[in-house]
Amino acid sequence: MAQFATGVTIVTVGGQRCHGMTANAFTSVSLDPPLVLVCVAKAARLHAAILADGCFAVSVLGADQAHVARYFADRGRPAGMAQFDAVQWRPGTCTGAPLLSGALAWLECDVVDVHEGGDHSIFLGRVLECSRGNGGNALVFHAGAFGGQDKLS
């Protein structure tokens, strides 16, 4: 699967189990109704947080945000709200989940279904609200490395 280039997101949950995680297993599912999915390892802290909160937010990262992706992939970062002290963010208006500044786009979602997927769960989310940033190239992950769209051509 390393040869399949993917976009990079940070998936977050607010509330008492506030947490964020780098995720590239994210995609649009349907436009009507607007649905997306994200795959999360059952062993990940974010898995329990999404199940408990019933909602999540997604920040779609730009090419200049590889440091953010690495930070939220680091298991050594602080837990809870403290992990967001290292980045600029604002709470989502629908979910309260952190939306990261400088992202290309943001989505807030209610979980409408959860499917088993081996050691992961597939969370199907109904988009409650979405917005777009200032544009720019997307951060992508390919062959074990981060890069911008223009670096893959």
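This is a predicted model: local features need pLDDT of at least 70, side-chain atom pairs count only at pLDDT 80 or more; totals for chains, interfaces and linings use all residues.
1. Strand E4 (26–31) and strand E5 (residues 34–41) pair in the antiparallel sense, over five bridges. Residues are numbered from 1 along each chain as its sequence is written, and side-chain values use heavy atoms, without hydrogens and water.

2. Now the whole sheet. Seven strands form an open, antiparallel sheet in the order E3-E2-E6-E9-E10-E5-E4. Its edges are E3 (19–23) and E4, each of which pairs on one side only. On average, neighbouring strands are turned by 35° against each other, direction ignored; the axes are lines fitted to C-alpha atoms, for helices over the stretch in contact, and angles run from 0 to 180 degrees between N-to-C directions.

3. Helix H1 (residues 45–53) packs on this sheet and touches E2, E3, E5, E6, E9 and E10, where contact means heavy atoms within 4.5 Å. The direction of H1 makes about 50° with that of E2. Helix H2 (residues 66–73) lies across E2 and E3, at about 120° to E3.

4. What does the largest nonpolar core contain? It has 16 residues, and Val11, Val38, Val40, Leu46, Ile50 and Phe56 have the most contacts inside it. E2, E3, E5, H1, E6, E9 and E10 each supply at least two of its residues. Such a core is a set of buried Ala, Val, Leu, Ile, Met, Phe, Trp, Tyr and Cys residues joined through side-chain atoms within 4.5 Å, with buried meaning under 20% relative accessible area (1.4 Å probe, protein chains only). Leaving out residues up to four places away in sequence, Leu46 touches Val11, Thr12, Val13, His19, Met21 and Val40. Apart from this core lies another, of twelve residues, including Leu61, Ala69, Phe72 and Val87.

5. Finally, the cysteines. With a disulfide taken as a pair of cysteine sulfur atoms within 2.5 Å, the count is zero. Cys18 is in none, as the nearest cysteine sulfur, that of Cys55, is 11 Å away; Cys18 is buried, at 6% relative accessible area. Cys109 is also buried, at 0%, and its sulfur is too far for a bond from the closest cysteine sulfur, in Cys130, at 8.8 Å.

Terms used. Buried means under 20% relative accessible area, exposed over 50%, partly exposed in between (1.4 Å probe, protein chains only). Two strands pair if DSSP finds at least two bridges between them. Helices (H or I, at least four residues) and strands (E, at least two) are DSSP runs, numbered from the N terminus.
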